[in-house]
Amino acid sequence: MSVARLTLLHTKYSLLETLRVPIAVIGTIVFPALALLFFVVPQQSVAGDEEFATQAVASMAVFSVMVGSLFSFGLGIAENREKPWDPYLRTLPAPGIARVLAHVLSTGLMAVVALVPLVVIGALLTAARATPLELLTGLFAIVVAGLPFMLLGICIGYAFSTKAAIAVIQILFFTLAFAGGLFLPPLLFPDWLNAISQFLPSRQARDFVIWAVQGGELEPLTWLGLVGWIALLLAGALLLFRRDEGRRFR
Amino acid sequence: MATLASLANVTRRFGDVTALYDVSLDIRSGQIVGLLGPNGAGKSTLLSLVQGLRRPTTGTVELFGGSPQNARNRTRLGSTPQATALPETLRVGEVLEFVGAHFENPVPVGAMLDEFGLGELARKQTGALSGGQKRRLSVALAFVGRPELVLLDEPTTGLDVDARRVLWEAIRAQQHAGATIVITSHYLEEIEALAERVVVIDGGRVLEDDSLGAVLARVNLRQVTLRSPQIGRVAQLPGVVRHSTDASGATTFYAQDSDALIVALVRSGVPFENLAVRGATLEEAFLTLTDDRMERA
């Protein structure tokens, strides 16, 4: 049985499990769309300006992928670690990489679906504009910019219990979203907040995606920061993953 | 007989706790091996090593001649999830399909459903199943990939007598079809009904590894409780393997044949009162086995 086939198999059943609780799916998809409707659409100064509106939609897209990744990986892993079904799956003849890839694929697919209402609302109710090519580069940039949040989610999932993970994720995503300029554009930030903001992965992800869609200058701090966060969080995720072995028996 | 799985001088520690100590064991094809021991004896740890879920602290574990950590060596292995582990939102048929899809030549889902009496439940979500139905599905999952070696961890715990017998029948049918089965239990009755070879394990050590008959003779004890001023003389009677006195002064003697012991007791003329006879629990029998080992060592 090839890894590719097993990955698709696990992706299929992971999605099936998710779809069986439709309200959870709707929550993932509706939350960013609502945020766009409430925070951006009513503000004519932003929604009516092509540049600002496009940036706002890109910010919401980053927000959507960030929240999706943190919850899916953070909460998903923390939950699975508490359920005996996960160790059972590990006894089946499927290598671990197939299950990890399946998690990434199913989360990624849900994240892409969640982007659809954002793009539609952005196109219909705001002045945001992007050519199909710009949308495509934007999508590609989001996949890269989503990596730190996937890895952060993995770290949280292995470090905390389900209940603790929920609290940690909620505090993190709100702080990261606000201080990263995903709700309010950094243009409105005081200098001190802007300085801190530039070191956050959410701000770097936002700037990276906006650069991919709108072009212009990419600050070295943005891509260096993203690479740094990915390296740091990858190391953390591997460390916590190893530490987890046999943990529930102590 | 081919060796399907083997443990050689395996020790596994969890922090300060030693779950298995210097265990060596070969599982050969065609048998039903009963792994008998009280809760916490190390049975589940032993299975998890064979499944590749954990690595031994020292010693080696082999599955089909290789490391159980390698997924390829697990293609001929079947195991059961805990009944509470089934993904609640998936349907019975879907869970069988999903697990079966990991193997080269799985049993068709329909045949599996019939064999384990799950026919009408195929479209039910597993969260809606009763305890007994969940157990049956869990055990069915172990067999769906036509495995050569099947590990069943306490397959009938919590089931009523009828449900237990139904499941035993299904397990026996699988063995006749050629599967080698390792079954853990803390019920002597279950091991008696299924196993041919019995491995008794307690405190992380293998205490006995013998045919069912031989092990039963050693663990199937009766206890005779009485009060007497001459405990020492009673203890010397033939058939007494162990005795202990509780705080109230009553002494319990363990023997395989309690009738013979009582006949001998009466003939000896030793004064006694408050005589009571009952079967020994498995835990009590294990204590006797552990004591034996200490004396021999």
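**Entry 1: conventions.** I am working from a predicted model, in which local features need pLDDT of at least 70 and side-chain atom pairs count only at pLDDT 80 or more, while totals for chains, interfaces and linings use all residues. Residues are numbered from 1 along each chain as its sequence is written, and chains are lettered from A and ligands numbered from 1 in the order in which they are written.

**Entry 2: chain B overall.** I looked up the extent of chain B and found that its C-alpha trace spans about 70 × 45 × 35 Å along the principal axes. I counted 10 helices and 13 strands in chain B, where helices (H or I, at least four residues) and strands (E, at least two) are DSSP runs numbered from the N terminus. Chain B has 297 residues, of which 40% are buried; a residue is buried if 20 or more other C-beta atoms lie within 10 Å of its own, exposed if 12 or fewer, and partly exposed in between, with C-beta atoms placed from the backbone. The division of chain B is into domain 1 (3-218) and domain 2 (222-279), with bounds that come from an automatic or database domain assignment. The C-alpha centres of domain 1 and domain 2 of chain B are 40 Å apart. For contacts I use the rule that two residues touch if their C-beta atoms, placed from the backbone, lie within 7 Å. Of the contacts in chain B between residues at least 6 apart in sequence, 67% join residues at least 24 apart.

**Entry 3: where chain B meets chain A.** How many residues does each chain bring to the contact? I find 24 residues from chain B and 22 residues from chain A. On the side of chain B that touches chain A, helix 2 (residues 92-100) of chain B gives the most, with three residues. That side of chain B has 11 nonpolar, nine polar and four charged residues, where Ala, Val, Leu, Ile, Met, Phe, Trp, Tyr, Cys and Pro count as nonpolar, Asp, Glu, Lys and Arg as charged, and the others, Gly among them, as polar.

**Entry 4: helix 2 of chain B.** I then asked why helix 2 of chain B is largely enclosed by the rest of the structure. The reason is that seven of its nine residues are buried, namely Val92(B), Glu94(B), Val95(B), Leu96(B), Phe98(B), Val99(B) and Gly100(B). Their cover includes helix 1 (3-19) of chain A, together with helix 3 (109-115) and helix 4 (131-143) of chain B.

The axes of helix 2 and helix 4 of chain B come within 9 Å and cross at roughly 25°, the axes being lines fitted to C-alpha atoms, for helices over the stretch in contact, with angles from 0 to 180 degrees between N-to-C directions. That makes helix 2 of chain B roughly parallel to helix 4 of chain B, since angles under 35 degrees count as roughly parallel, over 145 as roughly antiparallel, 65 to 115 as roughly perpendicular and the rest as oblique. On the helix 2 side of chain B, Val92(B), Val95(B), Leu96(B) and Val99(B) meet Leu137(B), Ala140(B) and Leu141(B) of helix 4. By class, this contact of helix 2 with helix 4 of chain B has seven nonpolar, no polar and no charged residues.

**Entry 5: a helix pair in chain A.** Helix 4 (residues 50-82) and helix 7 (residues 132-159) of chain A have axes that come within 7 Å and cross at roughly 30°. The contact of helix 4 with helix 7 of chain A has 17 nonpolar, eight polar and no charged residues. Within helix 7 of chain A I picked out Gly146(A), which counts as buried with 24 C-beta neighbours inside 10 Å. Leaving aside residues up to four places away in sequence, Gly146(A) touches Val65(A), Ser69(A) and Ala111(A).

**Entry 6: two backbone angles in chain B.** Phe64(B) is not a glycine, yet has a positive phi of about 45°. I located Phe64(B) in the loop between strand 4 (58-63) and strand 5 (77-79) of chain B, where Phe64(B) is partly exposed, with 19 other C-beta atoms within 10 Å. Arg146(B), also a residue other than glycine, has a positive phi near 45°. The loop between helix 4 and strand 6 (149-153) of chain B holds Arg146(B), and with 17 C-beta neighbours inside 10 Å Arg146(B) counts as partly exposed.
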